[in-house]
Each structure stands twice: as structure tokens, then as C-alpha cells.
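Reader: Could you walk me through this one, starting with how the chains meet?

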Amino acid sequence: MNGNAENVLELDDLSVAYRVGGTDRLVLRNVSLRIGRGEAYGLVGESGCGKSTAALSVVRYLPRNGSVAGGHVRLDGKDIMGLDREELRRVRAEDLSMVYQDPAKALNPSIPIGRQLAEVFEIGGASAKEARSRAYEMLEKVQISDPARVMGGYPHQLSGGMQQRVGIAMALASDPKMLILDEPTTGLDATVEAEVLDLIGHLRREFSISILFISHNLAVVSRVCDRVGVLYAGMLVEEGPTDRVFRNPRHPYTVALLRCLPGGGRRKSSGGLDTIPGFLPGLGAIGEGCAFADRCGLATERCRTERPPLHDLDGQMSRCHFHDRAQSLPHTTRHAPDESREPPAPRRPVLRVQGLNKTYGRDRAGGGVAAVKDLSLELKAGQTLGLVGESGSGKTTFARTLLGLIEPDEGGRIELDGKELAERVGDRSFEQTKSLQIIFQNPDSALNRSHSVRGLIGRALRQLGGLRGAAMDRRLKELAGSVRLTDHHLSVSPRQLSGGLKQRVAIARAFAGDPSVVVCDEPTSALDVSVQAAILNLLVELQSERDVSYIFISHDLGVVRYLSDNVLVLYLGRVMEYGPSEEVFSGPHHPYTEALLSAASDIGDAEDGRIRLEGEIPSAAAPPSGCAFHTRCPRRIGSICDELDPPLKEAQSGHAIRCHIPADELAALQVQRPSTLSRPVSAERRDDNGRP
Amino acid sequence: MRGRRTPARVIVISAFILKRLALSLVTLVLLSAIVFCVGQVLPGSVGRLLLGPFADHEAVEALNASLGLDRPLLVQYADWIWGFLRGDMGRSYMYEAPVQPFIVEALGNSLKLAAVAFVIVVPTAILGGVVAALNHNKPIDRIISIGGLTMTVLPEFVTGIILILVFGVWLKWLPISAAWPDGAGGFTQIHYLILPAMPLILVLFGYIARMARSGMIEALESDWTRTAVLKGLRWRTVIWRHVLRNALLPTITVIATQTGYLIGGLVVVETLFRYQGIGLLVFTAAKGKDIPMLLAGILVIGIVYTLATLIADLLCAVFDPRIRLGGRQ
Amino acid sequence: MTAAEVKTGIDRPVARPRHDRVRLVLRTLSRSGVFLSGFAIILFWVCCALFGNYLVPYDPLASDIINALVPPSSAHWFGTDQLGRDVFSRVIVGSRDILVVAPAATLLATVIGSALGLCTGYFRGFVDDVVSRLMEAVMAIPGVILALLAIVSLGTSKVAVIVVIGLSFAPNIARTVRSAVMQERELDYVAAAHLRRESAVHVMFVEILPNVIPPILVESTVRLGYAIFAVATLSFIGFGIQPPSPDWGLSISTNYGMINGGFWWTVLFDALAIASVVIAVNLVADGVQGAFNER
């Protein structure tokens with residue numbers, strides 16, 4: 001991409017240090033990058049790699065303990081670090097804008113949105129009246145449907161997606177040369193994220209603006225950016241045109257990162273996911289050699305002693321001595337399909353749910369918020385049921401109701417091993433309680449920080465396994481071993497463990513009483529992809545060893561597809577689609593499933609033929625009449641959708657769709673879409689990555 | 001557009017106000033019940049107390065009956081509350097006169113003293129807190145924080161004694177008694193009130209400054225302040241328009257709760273400076289076991305406190321749209 | 001966000017062993033000048049209370065009418081009061097009562113408040129509503145006035161002062177504990193405990209209590225400061241510690257009427273002594289709070 005002769009932003013050998021405990025630790029080391037006029041540059045990396053620090057040093061807003069240890073940041077040739085206060089303010093007002101990760105916090109809670117937006121125009125010298133009308137126009141540009149109402153409202157009255165649109169409007173209002181987006185869609189639902197990304201792509205062309213896009217999500221970056229840089233431990237390890245980097249990575253870290261993703265229609269039966277062994281080096285703990293050497297399967301003595309330079313490979317850069325061999329990085333897990341597990345014997349059902357309802361704040365008149373509505377499902381031994389849906393779809397409420405932590409409405413029925421379960425966990429038999437366990441989303445919340453890891457797992461073994469003394473110690477060791485925790489991990493507090501290790505402790509605890517069903521409530525959503533891969537592998541392994549069944553709740557379709565035998569799609573507490581995983585993913589789909597698939601495409605998917613949902617997810621307190629999805633449905637056929645709730649109809653045997661459109665018509669509508677889902681599942685991943 | 005939205009907004013606000021009023025009312029009812037109950041367990045019979053140890057039994061009983069003390073408790077309570085609502089607070093045993101005029105006069109005096117203290121302390125303390133926050137971790141911040149904390153924790157009679165010694169006895173700048181000559185004008189009255197107000201000011205300064213400081217620091221470190229700065233706004237605009245409004249919200253509540261401590265402090269200060277306020281009145285009533293006066297005084301103090309917190313909550317609602325407008329529309 | 005990133009950056013797979021958490025707090029305290037200076041002052045007054053009788057030049061209770069109201073001199077460093085008692089001796093041993101009464105009251109308040117807070121925060125519902133409203137009503141009466149009212153009915157004694165201050169401070173501690181418990185019980189480890197069939201007692205005391213110890217400790221050190229404040233004030237207005245104790249508040253109460261006559265030494269030293277203790281306790285509280293926040 002040397003077509004842009006002029007660079008808008010240049011980072012030149014930039015190093016940034018944070019002062020922690022009296023010593024300066026480098027979080028960004030000698031990073032150099034250039035962003036041309038109109039170019040979108042993506043900076044990707046896992047947590048702790050220094051992405052956000054890079055953004056904050058460009059706008060010179062480092063935290064109190066941070067300082068630039070060396071190098072330059074130039075905007076249009078001007079050195080940002082050399083500006084005085086007034087010059088810096090002018091640069092921020094005119095040339096440089098930023099969109100933030102958490103839009104709810106980035107907007108002032110007590111000032112009307114119109115005022116916050118108009119302010120930007122006033123800095124530019126507009127009169128109050130003019131500023132207001134331009135703010136109105138700006139809100140229209142970011143496709144906010146009722147700008148007048150939004151102008152007078154406050155941030156807390158808007159949904160996350162709307163807040164982020166306001167954030168984008170505010171950033172673009174000054175017509176800047178450079179826009180920095182710091183994880184702008186993290187925390188948004190997939191369908192909303194897709195819309196916001198479309199909007200960014202659209203406005204980018206309209207404003208011909210340069211973009212620095214920071215994200216941990218490779219697929220998102222691949223959708224927006226022309227070029228991409230991969231950060232690892234504060235260093236730029238690879239850089240190049242997005243297409244080339246993702247299709248033909250030349251640094252082992254990039255290779256490993258791409259392999260961790262459970263995308264491309266991979267399934268657990270085709271083998272485990274690759275992981276990245278080891279841990280990110282601590283702040284400032286990098287020695288002489290390559291920062292990635294300790295975790296790299298290709299590393300030699302040379303890598304540990306000699307820091308690799310940034311090799312220029314005809315426009316693609318790689319900081320690896322062995323960039324030509326990067327893709328031959330050995331796999332960390334077996335990839336051949338596990339023949340011994342197939343074919344499955346006819347399996348007995350372990351869990352059956354029938355007509356489950358949960359209404360919050362129910363009154364006599366039948367009002368209240370229906371969080372789960374008429375949910376039925378069946379789970380067979382040793383199988384995984386994936387539960388998919390966006391926020392507010394009732395996934396977590398369902399999980400908690402199933403476990404007896406929340407009481408369902410009367411009338412539903414939950415059966416475990418053929419016996420009906422009481423509504424509250426306290427009323428269930430001991431056997432039933434220990435057979436039905438959960439792995440929570442957030443291990444910080446799920447693990448008591450006052451207890452040691454040994455205490456946490458030991459207590460579960462005592463209570464659920466009924467074990468004492470030496471027998472318990474033995475079992476504790478075994479269990480810890482099976483989730484790859486060492487003795488050393490057992491003696492510490494969960495706070496001192498990394499996110500992945502914490503989740504292993506939670507898994508060990510859930511398995512203490514040999515459960516037959518484990519609910520996994522987004523267990524990897526807070527983890528980096530490399531750690532996620534290891535946890536998913538562990539779950540698959542435990543399942544094949546113990547014949548345990550999972551209900552796997554997630555918003556990540558790739559993960560659900562990888563793990564699940566059956567899939568259930570929820571929208572506003574209602575089942576929209578239910579069936580064997582392969583059939584749900586290959587179609588015909590419910591239009592909502594179709595939209596979810598469309599929103600969550602893989603790296604390098606074609607952009608055309610996507611369907612997008614308009615508008616907001618309705619509140620479960622006031623669900624739409626008729627089909628709950630009709631307000632956003634791109635395939636709505638007429639007033640029947642607004643008036644009549646469609647039944648759950650079988651499309652194929654075992655595959656049911658709640659839609660007025662017959663399954664074969666849906667199939668016909670959906671067939672034109674260039675589907676990622678038909679991509680062959682290859683056991684040999686080299687085919688996917690290796691071809692340039 | 002605005003017109004369409006207004007009715008909904010009014011409903012939300014008035015629902016909030018009604019709810020808040022109901023809460024205050026519950027608190028007041030409970031408060032009066034507690035005060036009344038404590039009045040009941042006070043030792044000895046009132047008749048005996050009034051007539052002394054040598055009066056004969058019948059006379060004591062008769063007096064108790066004439067005071068209505070032989071009726072069921074609930075009736076006595078209802079009677080007391082009903083009287084209170086009509087402005088009849090009972091008769092003082094000590095002065096053998098209606099309680100109400102004493103309370104009204106004393107409350108007026110106390111409010112004067114409190115007003116002097118508040119007018120001085122609220123602006124200075126907020127300013128102090130804001131200055132400290134803007135100079136976070138610098139010497140001026142340390143001086144304001146530690147100095148404020150030190151002043152806050154000292155009992156009023158300790159600071160009062162030292163202030164009297166320094167300004168009243170040694171320097172002779174200010175009168176050491178709060179009792180101004182009859183017919184003194186407003187300025188003279190204020191002159192007499194400055195020294196008694198000082199211990200209260202010192203106590204309140206630390207509290208309010210501390211709250212303002214931490215609110216400011218939180219606001220300055222917030223994401224939306226970062227947004228405002230990176231918009232390219234001038235620093236002064238960022239502070240005035242964005243930071244202060246959000247930063248000082250918690251301070252309003254603190255100022256209101258401090259009213260309670262202020263009234264507690266008045267007992268001591270009014271005793272020390274012999275000032276005829278509600279604190280001294282309650283104190284004298286307690287010493288003299290003048291139960292109607294004591295109970296009435298305490299109830300009035302509780303009402304003032306409850307009103308202050310009510311006003312604080314309503315003020316917060318005015319400034320904070322999240323409270324005022326409820327959740328998402 | 002950047003701070004979080006820094007944190008994950010140093011998030012090593014395994015760090016220090018667990019008991020080091022307590023040690024970390026102690027180490028932070030031992031390095032905090034604020035805490036240490038407060039602690040030293042308190043230690044000084046505790047020693048005076050314990051051994052003062054053997055150190056002071058005069059009997060603090062012995063009156064000597066001939067030498068009444070003598071200004072400070074080499075014989076009487078802080079002068080004498082209106083009964084001719086040596087002010088220096090009285091100030092040195094004057095901490096005895098307040099250093100028993102105030103901590104005892106704080107302890108009582110902490111125990112009652114923590115228990116109330118734990119129960120109301122954990123069970124919520126009707127009991128919580130009633131108790132919370134009651135506590136709110138009690139808190140609407142300023143502490144000193146509440147104490148005044150209660151002591152009038154209980155009579156003046158050290159035990160009465162302890163009980164009254166203990167009870168009137170309990171709601172404050174209960175409120176702090178309750179809000180901490182309510183946050184804790186929403187965390188998933190409580191749900192996990194229910195899924196292990198743990199009893200309510202186990203969940204409250206083994207799961208939740210250890211996590212709310214830091215706020216309880218911080219709140220009670222702060223309350224100790226207020227307790228000293230309150231005891232001194234009650235003594236000053238004659239409802240606290242009773243004569244002939246050499247208590248500071250009481251001494252000021254008996255002598256401040258003579259300020260106008262220029263007999264400043266009869267009150268100034270007592271006032272400074274109270275000031276030093278109260279400030280010291282609050283320095284300690286500040287240090288404790290800082291040490292817990294640092295983690």
C-alpha cells in the first residue's frame with residue numbers, strides 16, 4: 001500500500017512506559033507505523049499487548065503513570081509530542097478524533113446529547129443555532145432515526161448501539177483527518193456490531209478519513225481495514241495488507257492466533273483447536289531475544305538471544321528470523337478426526353425441558369417481562385446443546401431457572417434422568433443437584449476470592465462428592481490434573497491466576513460431583529482467543545472422557561458450531577429455531593439465524609449478499625405482537641407476521657423453525673447468499689492458511 | 001417534539017417525588033414512635049418527679065391522671081401526634097407553660113447560627129475540595145485533605161475552647177458569648193455568631209471538602225471527561241461545563257446529611273457559648289427531665305434532618321437526569 | 001481501560017501465596033507515615049493510661065486548695081485547677097476512661113452492626129425493609145441527642161455510655177455491611193454455594209463474611225474516632241464519664257466557665273490531649289483505608 005504518498009499519521013520508533021511499583025515498564029517498544037490518507041489501518045492483538053496505549057499516546061492522553069520513553073508521533077508531519085497546550089488542543093479539535101470502547105461511559109451522563117454534539121461545532125466557531133442544526137444533520141448521517149428526540153435525550157436513555165452512533169457522530173463532527181477507533185464494537189451484540197461496522201465503512205468513504213482501528217477481533221478488523229498490524233507484548237510483530245496478513249501470515253504468532261479461531265465451520269469431531277502455549281511475558285520482562293520465543297514451536301537458540309529485525313517482504317513485514325517458515329509452525333493439538341468416537345450409539349436423553357416459562361415482575365393481569373417463553377428442549381447423554389442469542393434473549397435466565405436458582409412460572413416441566421426436578425435447588429434431591437452444575441461466565445465472580453483454589457475445589461468435593469481426608473486429597477489431585485492445574489496453582493488464591501486458569505478452577509469445581517449435565521454460560525467470552533481455544537479443547541476432552549452433556553450458551557456462532565450437536569436459537573425468550581447443529585448452520589435458517597450468521601462472518605468473507613437487521617432489539621417488557629421478530633425481520637412477508645405468532649414448524653426431521661415462510665421457500669431465498677458455511681471442513685488446516 | 005415528551009417527564013418526576021415523600025413520611029412516623037417509646041421508659045413516674053419524693057401517693061396518681069398518663073399508650077401517642085400536628089406540643093414541666101413557643105424561638109435562633117455556618121462553609125469547602133482535586137497529590141492537596149480531616153474529627157467543644165482562648169480571651173477580636181445585646185442589628189448579631197459558628201464550620205469543612213474532592217477526582221478520571229478533552233474543548237470549559245456538575249452531585253447529599261451532625265453539634269456549641277438554641281433547650285430539658293420539652297425538641301430536630309435529606313434527594317434529581325428520567329425510554 | 005491492560009500485562013500465571021494478602025496490608029501499613037504517627041500517639045496514651053499513676057508527680061485526685069489555680073510553673077508544669085489538683089498529672093492519666101469506653105462501644109457497635117448488616121443484606125425481603133426503615137429513623141436523630149435521650153432514661157454510668165454509643169453507632173456499621181453484602185450476594189460464588197447445598201449460615205459466614213471484612217475493619221476504625229468524639233462530648237455536657245475521674249472532657253466541663261478569668265491552663269491541655277487522640281485514631285483509620293484500597 002505505498003500508493004498513498006502522503007502519510008497522515010506516523011508512529012516512529014515509539015516506546016511508552018508505565019511506572020509500576022517505582023520502576024518504568026515498557027508497554028510499547030519501538031513501534032513504527034504509517035497510515036496514509038484515506039487508509040484504514042487495523043491494530044490487533046490480545047489483551048495486554050499495548051493496543052490501547054498506542055491509541056492514547058497518539059492523542060497524548062496517557063494515564064498519569066504513563067510516559068513516552070522514546071520516538072515520535074507525527075500527524076501530518078507535525079510532532080504531537082512537541083506541541084504546547086494550545087496547539088495540542090487545536091489538533092484535537094480539528095485534526096484528530098476518537099471513538100471509545102464503552103460508549104455509555106464516554107458520554108457525559110448529565111448533558112443532553114444534542115448539547116454534547118453541538119459543542120464540537122461551537123469549538124469550530126459555529127453559532128449556537130448553527131451548531132444545533134449541524135448536530136441534527138450529523139445524527140442523520142449516522143442513521144439515527146429520530147434525531148430530534150435523541151438531541152433532547154440523555155445518554156442513559158439510548159441503547160449501546162445508539163450510544164456508539166452518537167459517539168461516532170461526535171468524532172466525525174469536526175471533520176478530522178484522523179479517526180481513532182478503540183474497540184468501538186466490543187460489548188455490542190453481533191447484529192448491532194455489524195450495523196455499526198457498516199456505518200463506519202460507509203462514513204469512511206463519505207468523509208475520506210484515515211482510520212486507526214484498534215481491536216482484539218481479527219474478523220472485525222478484516223472487514224474494515226486495508227492494512228493491519230499485529231501487536232505482541234508491545235511490539236509490532238507483523239504488518240501488511242489485511243488480505244495478505246490473514247491469508248498468508250509470516251509471523252508464527254499471527255499464524256497461531258488465526259489457528260485458535262473455531263471458525264470456518266470447524267467441529268469438535270474434526271479434532272482439537274490449536275492453542276498458544278505459555279503466557280504473555282510480563283511488563284518489561286522481555287529479554288534479549290524475540291518476545292514470542294518462549295511460546296513458539298519454531299524457536300531456536302538464535303530466537304532467544306537475538307532480537308529479530310522487521311523483515312520487509314515486499315510490503316508485508318514480519319519480525320521473525322524464520323518468516324519464510326512461519327506457516328510450518330507445528331500444531332499443538334491433534335487434527336485427525338477421532339475415529340474411535342464415531343459412530344455414536346443411540347443415546348438416552350438426560351434432560352428434558354417442556355413448556356418452561358419465566359416472567360419477571362408478574363402481576364395478576366398477566367403482565368410482566370417474559371424472559372423465557374414456552375421453551376422446550378431435549379438433551380442426550382454426551383451431547384452438547386448450543387444456546388444462541390443476543391443480549392435480552394433469555395439465555396442466562398433459562399440457565400438459572402434450569403439450575404433452580406430462579407423459580408420458573410407454573411406449568412413447565414424439567415426432567416433429569418426421567419425424574420421431574422423441583423423448581424428450587426433447595427427442594428431437589430442431592431443426586432439431582434450434583435448432577436446439574438454450571439460454569440459461569442465470569443470466574444472472578446464465580447470463585448470466592450477469600451478461599452484458596454484448593455479450598456474451592458476441596459469444598460465442592462466434600463459437599464458434592466462426599467469425600468473426606470485422604471480420599472479427597474487423591475481425588476483433588478486427579479481432578480486438578482485433568483483440568484491441567486498444578487500443585488502450585490492449588491495453593492494460591494484465584495485472584496492470582498490468569499483468566500484462563502481461573503476458568504479451569506471453575507470447571508474443576510463443576511465436575512467435582514461427576515455431573516451428568518453442565519451448563520456453560522459463555523465460559524470463554526471474557527478470554528483471549530488463544531486461551532479460549534484451550535478451554536474449549538478441555539471441555540471437549542472432558543466430555544469424551546466422562547460422557548457429560550453440555551448446554552453451551554454463547555453469542556459466538558463459531559464456538560457454538562464447533563462444540564454443539566444441537567443448536568437452539570433464542571430471540572426475546574422465544575425459540576426461533578431448533579435442530580441438529582449442521583442443519584441449523586447449513587440452512588434453511590430462520591431469518592434471525594440468517595442475520596446472526598451474516599453478522600458474524602469469518603475473516604475474509606465476501607461482503608456482498610449480507611443481510612442486516614434494522615433497529616433495536618425490542619424490550620422483553622413490551623414484546624412485539626405476532627412474530628416477536630417481525631420488527632427487525634428482513635424477510636417479513638406481510639401483516640400476518642405482525643398479527644400472528646408463527647408456530648415452530650419442522651423443516652426437516654428434528655429441525656424446527658418458527659416462521660410463516662415455509663422452509664423450502666426460506667431455503668430458496670437463502671441459497672443465493674455466498675455462504676461461508678458450505679466451505680469444506682478440512683482436517684488439514686494448512687489448506688486454509690497456506691494458499692496465498 | 002419536546003411538547004410530546006413533557007407529560008411523560010412530569011409523570012416520572014412526580015412519581016419520584018411521591019415515592020420519596022412517602023419514604024420520608026414513614027421515617028418520620030417511625031422516628032416519632034421511637035422518641036415516644038423512649039419517653040415512656042424514662043425512669044420514675046412523672047407525678048412523682050414533679051411533686052417530689054415526699055408527696056403522698058394519691059396526689060401523685062391524681063396528677064398523673066390529670067396529665068393523661070394513665071391512658072393506654074397508643075391513645076397517648078395518637079394524642080401527642082395530633083397535638084403536634086396542630087402546633088400543640090404539650091406543656092413543659094419545668095416552665096409550666098406550653099412547649100411550642102420555646103421550641104419556635106429556639107429553632108429560629110439555631111437556624112440563624114446554622115445559616116451563618118452554612119453560608120461560610122459550603123462555598124469554601126467546595127472550593128477547597130475542587131482545588132485539592134485539581135492539584136491531586138500535590139502539596140496543596142495534602143494540606144487541604146489532611147488539614148480538613150484533622151479539623152473534622154475534633155469535637156466542637158475542643159475547637160471551641162481553643163478558639164475562645166485565641167480570639168476571645170487573648171486577641172479579644174470576637175465576643176465569647178453568643179448572647180448579643182437586645183435590639184442588636186443584623187450585623188452585630190452576625191458578629192456575635194461568628195465565633196460560635198467556627199467550630200461547626202471547621203467540622204463541616206473537612207466533610208464537604210473531602211466529598212467534593214473525591215467526586216472531582218472521579219469525574220476528572222472518567223471516560224466522558226476524556227471525551228470532552230479530546231474534543232478539543234478548553235480546559236476551563238471542560239471543568240465548568242462537564243466536570244463540576246457531575247462531580248458535585250454526591251456533595252449535595254453530604255451537605256444534607258451533615259445537617260444532622262450540625263444539629264448534634266449545636267447542643268455542644270450552644271452550651272459552650274450559652275446560646276438559646278434548640279440544642280441548649282433539649283440539653284436543659286434532658287438535665288431537668290422535662291419530658292414534653294425533650295421529646296418535642298428531639299422530634300423537631302428529626303423533622304429538620306428528614307426534610308434536609310428530602311431536599312437533597314430532590315436536588316439530586318434536578319441535576320441528575322438518570323434519577324429524574326428513570327431508565328431507557 | 002489502560003489501567004486494566006497494564007494489570008493483565010503483569011498478570012502472571014502464578015503470583016504470591018495466599019496468606020501474603022494479610023502481610024501485604026501489614027507491610028503497606030508499616031510503610032505509611034500517616035498510620036505510624038497515629039499509631040505512635042495512641043500507643044503513648046495507652047501507656048499513660050496503664051502506667052501513668054506511677055509516673056506522674058502528684059496524685060491526680062488530691063486537691064490542694066491553697067495552691068488552687070496556680071499558673072504553669074516548674075512545680076506544676078501545667079498549673080493547677082480550682083481545687084489545686086495538678087493539671088499535668090490529671091492530663092496524663094485522663095485517658096483511662098475514654099480509652100476503655102470508646103473502644104468497648106465501638107466493639108459493641110461492630111458486632112451488632114455486622115450481624116444486622118449480614119442478615120438484612122443476605123435475606124433481604126420484609127425483615128430488611130423493617131430493620132432498614134428503623135435504622136434510618138434512628139439515624140435521623142443526631143448521635144449526641146440520641147445519647148442524651150437514652151442516658152436520661154438509663155442513668156449515667158460507663159456501661160450506659162458504652163451501650164448507648166454502641167447501639168447508636170450500630171446502624172452506621174450495619175448500613176455499610178449491608179450494602180457490601182448485597183453486592184457480594186449477587187456474585188456467582190454465592191449461586192455456586194447454593195448449587196453445593198450449603199446452608200445459609202455457611203454462605204453468610206464462610207463465603208460472604210471474609211469478603212466484607214475489609215469494609216467492616218475500615219468502618220469500625222472510623223467509628224472508633226467518632227466514639228472518642230462522642231464520649232468526650234457526652235462527658236463535656238455532663239452525661240458521660242462522671243466525677244471524680246480526671247477525664248479530659250469532664251475536666252474541661254468543670255473548668256471552662258473560668259476561661260474569661262484567664263485561667264487557660266485548666267482547659268487548654270485537656271483540649272489538646274483530646275485533639276491528639278482523636279486525630280491519631282483518624283490517622284490510623286486513614287492508613288487502614290488506604291492499605292485496603294491499595295490491593
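Author: This is a predicted model, and I would begin with chain B and chain C, between which four residue pairs are in polar contact, both residues of each pair being at pLDDT 80 or more. Helices H1 (2-41), H6 (139-153), H7 (156-170), H8 (186-220), H11 (249-273), H12 (278-287) and H13 (291-319) of chain B each bring at least two residues to the side of chain B that touches chain C.

Reader: And by class, what sort of residues does the side of chain B that touches chain C have?

Author: That side has 37 nonpolar, eight polar and six charged residues.

Reader: How many salt bridges cross between chain B and chain C?

Author: The rule finds one across this interface; C:Asp286 forms a salt bridge with B:Arg210, and their closest N and O atoms are 2.8 Å apart.

Reader: What area is buried there, and which three residues of chain B supply more of it than any other three?

Author: About 4,100 Å² is buried between chain B and chain C, with carbon and sulfur atoms giving 81% of that area. On the chain B side, B:Val153, B:Phe157 and B:Ile161 supply 13% of the area that chain B buries against chain C, which is more than any other three residues do. In residues, the contact takes 51 from chain B and 41 from chain C.

Reader: New topic: in what order do the four strands of the chain A sheet run?

Author: The order is E2-E1-E4-E5 in an open sheet, and the pairing is antiparallel. Strand E2 (23-36) and strand E5 (78-79) of chain A each have a single partner strand, so one side of each is left without a neighbour in the sheet.

Reader: Which helix packs on that sheet?

Author: Helix H1 (residues 51-58) of chain A does, touching strand E1 (7-20), E2 and E4 of chain A, and its direction makes about 115° with that of E1(A).

Key:
Residues numbered from 1 in each chain as written. Chains lettered and ligands numbered in written order. Predicted model: local features only at pLDDT ≥ 70, side-chain atom pairs only at ≥ 80, totals over all residues. Heavy atoms only, no water. Pairing = 2+ DSSP bridges. Contact = heavy atoms within 4.5 Å. Axes fitted to C-alpha atoms, helices over the stretch in contact; angles between N-to-C directions. Buried area = accessible area lost by both parts, 1.4 Å probe. Salt bridge = Lys/Arg side-chain N within 4 Å of Asp/Glu carboxyl O. Polar contact = N/O pair within 3.5 Å; in protein donor to acceptor, adjacent residues only side chain to side chain. Nonpolar A, V, L, I, M, F, W, Y, C, P; charged D, E, K, R; others polar.
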